[in-house]
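The structure comes first, and the description follows.

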Amino acid sequence: MANNMDQKELMILEFVSDSDKPIGSWALVERLEERGVNASSATIGRILNKLERMGYVKKKQFKGRVITDKGEEAIRIANQMNKIDYHKKRLDEYINTNV
């Protein structure tokens, strides 16, 4: 489910989740830029369309997108996978051919 998202998609999904109202691509561009990530409004629109097809967000008329329950679950799973991956990498650093 959530393991097929890249970091930018996950960030966008988290921004949509954190918003208390529908959020559009321009607001998402600004939030990404605040985090040092550059993306055009068109790119964000394509990502939002992909997330919508996956069932993670849905349109609220012409106001923007909101998160779905499936999207909240995807965030939770992606964050768990990232945490597991972090610990796996740390463990791999400790375990080598000398151990």
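A salt bridge here is a side-chain nitrogen of Lys or Arg within 4 Å of a carboxyl oxygen of Asp or Glu. The structure holds 5 salt bridges by that criterion. The model is a predicted one, and every value below is computed from it.

## Salt bridges

The table lists some of these pairs.

| Pair | N to O distance | Location |
|---|---|---|
| Lys-50 and Glu-9 | 2.8 Å | helix H3 and helix H1 |
| Glu-52 and Arg-65 | 2.9 Å | helix H3 and strand E2 |
| Asp-92 and Lys-88 | 3.0 Å | both in helix H4 |

The side chains of Lys-50 and Glu-9 form a salt bridge, and this pair links distant parts of the chain, 41 residues apart. Lys-50 is partly exposed, with a relative accessible area of 26%. Glu-9 is buried, at 6% relative accessibility.

Glu-52 is partly exposed at 27% relative accessibility, whereas Arg-65 is buried at 10%.

The pair of Asp-92 and Lys-88 lies within helix H4, which covers residues 69-94. Its two residues are 4 positions apart, about one turn of the helix. Both ends are partly exposed: Asp-92 has a relative accessibility of 42%, and Lys-88 has a relative accessible area of 48%.

From H1, the contact takes in Lys-8, Glu-9, Ile-12, Leu-13 and Val-16. From H3, it takes in Ile-44, Ile-47, Leu-48, Lys-50 and Leu-51. By class, these residues are 7 nonpolar, no polar and 3 charged.

On the H2 side, Ser-25, Trp-26, Leu-28, Val-29 and Leu-32 take part, and they meet Ser-41, Ile-44, Gly-45 and Leu-48 of H3. This contact has 6 nonpolar, 3 polar and no charged residues.

Val-29 of helix H2 is buried, with a relative accessible area of 7%. Leaving aside residues up to four places away in sequence, Val-29 touches Ala-39, Ser-40, Ser-41 and Ile-44. Ile-77 is 48 residues from Val-29 along the chain, and the C-alpha atoms of the two are separated by 24 Å.

## The strand pair

How do strands E1 and E2 run, parallel or antiparallel? E1 (residues 57-60) and E2 (residues 64-67) are antiparallel and are joined by 4 bridges. Val-57 stands opposite Ile-67 of E2, and Lys-58 has Val-66 of E2 as its bridge partner. In a regular strand the side chains alternate between the two faces of the sheet. The hairpin of E1 and E2 has 3 residues between the strands, and Gln-61 takes a positive phi near 50 degrees there.

Thr-68 lies in the loop between E2 and H4. Thr-68 is buried, with a relative accessible area of 16%. Apart from residues up to four places away in sequence, Thr-68 touches Gly-55, Tyr-56, Val-57 and Lys-58. Of these, Val-57 and Lys-58 have already been named for their partners in E2.

Note on methods: Residues numbered from 1 in each chain as written. Predicted model: local features only at pLDDT ≥ 70, side-chain atom pairs only at ≥ 80, totals over all residues. Heavy atoms only, no water. Contact = heavy atoms within 4.5 Å. Nonpolar A, V, L, I, M, F, W, Y, C, P; charged D, E, K, R; others polar. Pairing = 2+ DSSP bridges. Buried < 20%, exposed > 50% of the residue type's maximum accessible area, 1.4 Å probe, protein only.
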